[in-house]
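Dear colleague,

Please find the structure below, handed over for your own work. My notes on what was found in it follow.

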Amino acid sequence: MFEKVDVQINPFAWTQKTECIKLIIPLPNAELKSKDLNVEIKSKHIKASVKGGETFVDIELAIEIVPTEDDWVLKRGHLVFKLFRQSLIDLKFIIHSPIQFLNSDLNSDNLEFKQQPPPISKETESDYFKLIKDDIIYYHNKFIQMKSEHVPSQIIEEEDEDIRMKKAEKIYNKATKENNIADVYNLYKESADLGHGQSRELFAQLCLIEEDNEFNIEPSPTLAFHYMKLAAFENNSHTALFHLGTYYMKGIGTEKSYSNALMCFIEHSIINGNPTSMFNIGVLYHEGYSDLEQNFKKAFSWWKLALNRGHALSAYNIGILYKNGDGLDKSIVRAFQYFKLANFISEKLQVPSDMLLEIQQQQHTFQKEELSPTDSNFINEEEDEFKNVNMNEGRNLLSEEEEDEEEYDLDLSRMRNSIINANRQPSPLHEQQYEEEEELEFILKNIAESKTNKNNNGKSPTIEPSTPSSTGNNFNNNNNNNNNNNNNNNNNAEPSVGWKIAEYALTVGLVFGVGYLFKRSTEFH
């Protein structure tokens, strides 16, 4: 099967398997052929353009891949990438794309934003981005001011800075080879005090070790916060900046401050473009705190930015906003579309069971109801949208059959079963269908062999139905069975070959028919 992308939900879709990533991007023109495109694939970058025309893909990947000859194909108006990754870690997003300023003077209240690369080039023009534009500028300036007011740490003086950093690097390398955690702790601190950025981050994390540990290390959230702040402000580490935001968010080693956490996550989004920070900002606005007013609309905006970079949890949380009507017009249809997209990106994120039931109930209602002429002018927007999603092709990742055994099956039946049991084996109906297909294949094989034997012996042996595990012995004794059958009364004779084929064709047809009706009764298109 193949998944169409609904650009009203997201400009692309992606999913992952153990070894590869599939990325689906709509073509600017569905009539384009492979010969019309220029596609460049590097270890961390993908670019696609129409020959002599526009560039519609310019993506910085969040993970390194191994370029191959068969990395892409065109399917039904979409460019589909199949990318083999170097690392098998479970990805939470696919694109790195920082929020960038157009102005050279970054410490300004009149900052303008660069257009994002395709396929998310319309992001800065969107209403949801305009809603948070002033926040980005405000907290960026706040970070610059806080950094300027930071008092530099007292570093042990050396004859030369290069000598000091080489010494720090040597100590850090020694720590990475040490097996004793207590010694690692001391070595990281020694290197951190010499100004080594990565040692500061790692030492800060070790300071959060659990109490009463076997290494006799005394945990200290205060030290953790201090050294992480040094790494963020003095070493300009974007990972330390992210951790610092987490410390502010949770009140680790400092007073809890959603405002300062927001500042760190926004600056991290500007520097690095990691959608996890954007997701966290959405969480901060969704929860609210004493120094940050709750704002569901801004939560949606930040989750939308994260989703534009392929962040699965953001799609799920947007679905919750639509489901509950928090800051948005309540829409079961939109909620389902975002839940389904989240599930497509990550099978770990399942559509809520109550949502599935409500969708199926509404689907059944819309299919059964017949509106009178006076009612037809009063269909509300929600009902009209639901009918479109349910009936029209090209909406919300609608499924189409494809000869591709590696595609995910996203119908409601699978998602409903996965809610009941995420590790559930194929249903008996599917197993029975599989067995019937093998038996039919065996019968056809026997027919071919029977024709050969008939030509050789002038007789047509009786074909016995067989399970896949007994494909050899039944047919070897067919000639003996045939001689015995010829001596029996006609009332007790074995059914003919034609009757056997008809019987199994009916059986297989019944199984496929039941499976088709079951699938159609649960699909939501």
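**Helix 1 and helix 7**

Helix 1 and helix 7 are roughly perpendicular to each other, because angles of 65 to 115 degrees count as such. Please note that the model is a predicted one. Two packed helices are described by the angle between their axes and the distance between the axes. Here the angle between helix 1 (residues 127–148) and helix 7 (residues 258–271) is about 100°, and their axes are 9 Å apart. On the side of helix 1, the contact is made by Asp135, Ile136, Tyr139, His140, Lys142, Phe143 and Met146. Their counterparts in helix 7 are Ser259, Asn260, Leu262, Met263, Ile266, Glu267 and Ile270.

**The protein overall**

The secondary structure comprises 18 helices and 10 strands. The protein has 525 residues, of which 46% count as buried. Its accessible surface comes to about 28100 Å², and carbon and sulfur atoms hold 46% of that surface. Among contacts with a separation of 6 or more, 61% are between residues 24 or more positions apart.

How many of the 10 residues of helix 4 are buried? Seven are, so helix 4 is largely enclosed by the rest of the structure. The buried residues are Gly197, Ser199, Arg200, Glu201, Phe203, Ala204 and Leu206. They pack against helix 2 (161–176), helix 3 (181–193), helix 5 (221–233) and helix 6 (238–250).

Gly197 belongs to helix 4, which spans residues 197–206. Its relative accessible area is 13%, and Gly197 is therefore buried, since the cut-off for buried is under 20%. Leaving aside neighbours within four places in sequence, Gly197 is in contact with Ala231 and Asn235. Gly197 and Tyr227 are separated by 30 residues in sequence, with 9.1 Å between their C-alpha atoms.

Strand 4 is joined by five bridges to strand 5 (residues 45–50), and the two run antiparallel. In this pair, Leu37 stands opposite Val50 of strand 5. Strand 5 also pairs with strand 6, again in the antiparallel sense and over five bridges. There, Lys47 is placed opposite Asp58 of strand 6. Strand 5 and strand 6 form a hairpin with four residues between them, and Gly52 in the turn has a positive phi of about 75°.

**Backbone details in the loops**

A cis peptide bond links Pro118 and Pro119, with omega at about 15°. Pro119 is located in the loop between strand 9 (78–85) and helix 1.

Two asparagines may also be of interest to you. Asn216 has a phi near 60°, a positive value in a residue other than glycine. Asn216 is placed in the loop between helix 4 and helix 5, and it is exposed, with a relative accessible area of 73%. Asn236 is not a glycine either, yet its phi is positive at about 55°. The loop between helix 5 and helix 6 holds Asn236, which is exposed with a relative accessible area of 52%.

With kind regards

Key: Residues are numbered from 1 along each chain as its sequence is written. This is a predicted model: local features need pLDDT of at least 70, side-chain atom pairs count only at pLDDT 80 or more; totals for chains, interfaces and linings use all residues. Side-chain values use heavy atoms; hydrogens and water are left out. Two strands pair if DSSP finds at least two bridges between them. Buried means under 20% relative accessible area, exposed over 50%, partly exposed in between (1.4 Å probe, protein chains only). Contact means heavy atoms within 4.5 Å. Accessible areas come from the Shrake-Rupley method with a 1.4 Å probe; for residues, only the protein chains shown count as cover. Axes are lines fitted to C-alpha atoms, for helices over the stretch in contact, and angles run from 0 to 180 degrees between N-to-C directions. Angles under 35 degrees count as roughly parallel, over 145 as roughly antiparallel, 65 to 115 as roughly perpendicular and the rest as oblique.
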